[in-house]
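Notebook open, viewer open. I want to look up a few things here and jot them down as I go.

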Amino acid sequence: MAYSEKVVDHYEHPRNVGTLDKSSAEVGTGLVGAPECGDVMRLQIRVNPETQVIEDAKFKTFGCGSAIASSSLATEWVKGKTVAEALSISNTDIVKELSLPPVKIHCSVLAEDAIRAAIGDWKQKNNVAEASAVAVAAH
Amino acid sequence: MAETIGMNVTQSTHPLPPGVKLPIYMDNHATTPLDPRVLDAMMPYLTGIFGNAASRNHSFGWEAEQGVEKAREQIARLIGATAKEVIFTSGATESTNLAIKGAAEMYRERGNHIITQVTEHKATLDTCKRLEKSGFRVTYLPVMADGLIDLEDLQRAIVTDGPDKTILVSIMYANNEIGVVQPVQAIGKLCHDNGIIFHCDAVQAVGKIPVNVLTDNIDLMSISGHKLYGPKGVGALYVRRRNPRVQLAEQINGGGHERGMRSGTLNVPGIVGLGAACEICQNEMAAESAREAELRDYLKNKLESALDYVQVNGNMEHHLPGNLNMSFIYVEGESLLMGINDIAVSSGSACTSATLEPSYVLKALGLGDDVAHSSIRFGLGRFNTKAEVDYVADKIIDVVQHLRELSPLYEMVKEGIDLSKIEWAAH
């Protein structure tokens with residue numbers, strides 16, 4: 001199958017590959033997908049406790065080129081955003097940016113799930129309620 | 001090292017050895033290139049000799065018929081048959097349809113039961129499913145973890161009397177994905193001892209390993225042109241004439257060609273090509289199969305010594321010389337193929353399909369979906385060289401290492417985490 005140039009670029013030069021210390025209170029980890037489905041994404045964020053800005057993001061993905069590209073792009077996009085802003089990233093933005101064909105839309109869904117799971121993990125660790133996250137984001 | 005950082009992985013870090021041209025074709029179970037010698041044999045029949053082999057009244061027809069009859073002899077010699085037992089078709093899918101449907105229909109009054117096995121080609125499985133719809137009972141035997149069928153399972157599945165008496169067994173010679181060679185001789189003997197017709201899909205075996213319909217106890221056998229360096233669009237079906245004489249209900253009606261079993265004007269150039277391809281295989285098989293097995297083992301050893309968490313799928317003792325099916329665990333197959341896009345191989349993953357289902361053959365061996373998703377089939381053939389194998393091995397090693405750096409599963413396993421204990425959210 002033919003991949004878009006952007007998918008190939010992320011596959012060959014993945015951004016932000018790596019691992020953050022998942023025991024740190026500032027780090028949220030999202031692990032989504034399943035090996036038997038052929039896709040597992042792990043996306044991690046490090047959030048500044050003062051500003052709630054995502055200062056670093058790392059990923060590792062087991063999956064096809066589109067899955068790798070979707071998660072690589074997701075790390076690029078969340079970096080520098082506040083937690084609330086990052087939650088507004090939707091899978092359709094990823095589909096558009098990477099020109100994913102219909103059979104690969106599930107990869108973008110998984111990337112959105114990974115962002116939400118990482119943020120969810122961070123919130124749980126820090127006892128952040130939904131409302132307060134939004135409030136801080138609206139500074 | 002500095003210059004390799006951020007290097008485009010599809011541009012190999014290894015210089016192209018002399019004599020290697022990209023892309024490299026290493027998918028010879030899907031199809032094989034036409035041998036130039038086969039083309040030479042076909043050429044006269046694509047240009048001057050255009051007659052209809054069924055025209056009995058003039059030299060145009062006779063010339064064409066001579067070409068066809070020579071091909072029939074060449075094929076028969078390769079498989080230990082007589083020329084009259086070879087029926088030409090459009091390809092192995094048609095051969096298999098004719099064999100299974102034709103025998104089932106012809107012998108329906110004897111019984112209603114057919115036995116096959118789960119890792120057959122779809123030509124067999126889908127034909128059997130069709131027959132189930134018209135009232136036949138079909139048993140799909142499982143395979144063992146090494147891909148071979150258990151002869152005791154076959155023995156137990158055979159029904160010897162009553163309306164559900166077994167009339168036909170269809171088991172392939174060699175598997176197209178994992179290359180395992182079934183115990184055909186013993187299967188055929190079991191069939192003959194019980195008065196059952198034995199059809200064998202020998203598409204991957206004929207021309208690659210010795211096949212003899214007499215000693216292998218085969219009654220019906222499917223052959224394809226394009227899997228043995230012949231042309232596409234032509235195949236053959238062996239139909240036994242003695243001990244026992246097998247009859248088939250024709251599936252295509254028309255002029256009564258091919259002893260009434262397959263009507264339709266013969267594809268003379270294709271048939272001539274199939275014959276020539278068989279003769280070349282017969283002459284070169286011993287040397288070529290040894291050469292391919294050596295290359296295959298070299299590839300296997302090179303990959304196994306450079307990479308951890310790899311596994312070979314299928315019994316390696318009873319195996320086609322040119323086949324290697326390997327799982328690169330914790331790497332997803334499609335992403336691996338993407339990184340080796342200058343090499344033509346096949347993946348056990350089918351991530352592009354709507355179902356996301358990996359290979360049914362690999363699953364039948366008991367492989368988990370995750371391992372099946374990480375599998376690559378290498379199909380070495382007549383035109384592959386050692387230099388190509390080296391290039392392919394180095395490239396695979398590079399890409400697998402790159403993808404494992406990206407793989408959360410590989411990292412977790414390296415940290416000692418048991419992946420089976422994780423509650424994955426299936427999507």
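Where does B:Pro23 lie? I find B:Pro23 in the segment before β1 (24-25) of chain B, with helices (H or I, at least four residues) and strands (E, at least two) taken as DSSP runs numbered from the N terminus. The peptide bond between B:Leu22 and B:Pro23 is cis, with omega about -5°.

Ground rules before I go on. This is a predicted model, where local features need pLDDT of at least 70 and side-chain atom pairs count only at pLDDT 80 or more, while totals for chains, interfaces and linings use all residues. Residues are numbered from 1 along each chain as its sequence is written, chains are lettered from A and ligands numbered from 1 in the order in which they are written, and side-chain values use heavy atoms, with hydrogens and water left out.

I noted another cis bond, from B:Asn243 to B:Pro244, with omega near -5°. B:Pro244 sits in the loop between β8 and α7 of chain B.

A:Asn127 has phi near 50° and is in the loop between α5 (105-126) and α6 (130-137) of chain A. B:Tyr229 has phi of about 70° and is in the loop between β7 (220-224) and β8 of chain B. Buried or exposed? A:Asn127 is exposed at 72% relative accessible area, whereas B:Tyr229 is buried at 3% (buried is under 20%, exposed over 50%, partly exposed in between; 1.4 Å probe, protein chains only).

**Interface**

How many residues of chain B are in contact with chain A? I get 33 from chain B against 32 of chain A, contact being heavy atoms within 4.5 Å. The buried area is about 2,900 Å², 66% of it from carbon and sulfur atoms (accessible area, 1.4 Å probe, that two parts lose on being put together, summed over both).

The count of salt bridges between the chains is three (a Lys or Arg side-chain nitrogen within 4 Å of an Asp or Glu carboxyl oxygen). In one of them B:Glu411 meets A:Arg42 at 2.7 Å, N to O. On the chain B side, α8 (333-339), α10 (369-373), α11 (386-406) and α12 (408-414) each supply at least two residues.

I stayed on B:Glu411, which is in α12 of chain B. B:Glu411 is buried, at 12% relative accessible area. Its side chain also makes a polar contact of 2.6 Å with that of A:Thr19 (N or O atoms within 3.5 Å, one able to donate a hydrogen and the other to accept it; residues adjacent in sequence count only if both atoms are side-chain atoms).

**Cores and a buried arginine**

The largest nonpolar core has 79 residues, and B:Phe88, B:Tyr173 and B:Met221 have the most contacts inside it (buried Ala, Val, Leu, Ile, Met, Phe, Trp, Tyr and Cys joined through side-chain atoms within 4.5 Å). Helix α7 (residues 268-306) of chain B gives the most, nine residues. A second, separate core of 63 residues includes A:Phe59, A:Leu110, A:Ala118 and B:Ala393.

Last stop was B:Arg262, in the loop between β8 (235-239) and α7 of chain B. B:Arg262 counts as buried, with 13% relative accessibility. Its side chain is joined to that of B:Glu94 by a polar contact of 2.6 Å. B:Phe88 and B:Leu98 are among the residues that B:Arg262 contacts.

Terms used: Lists of a residue's contacts leave out its neighbours within four places in sequence.
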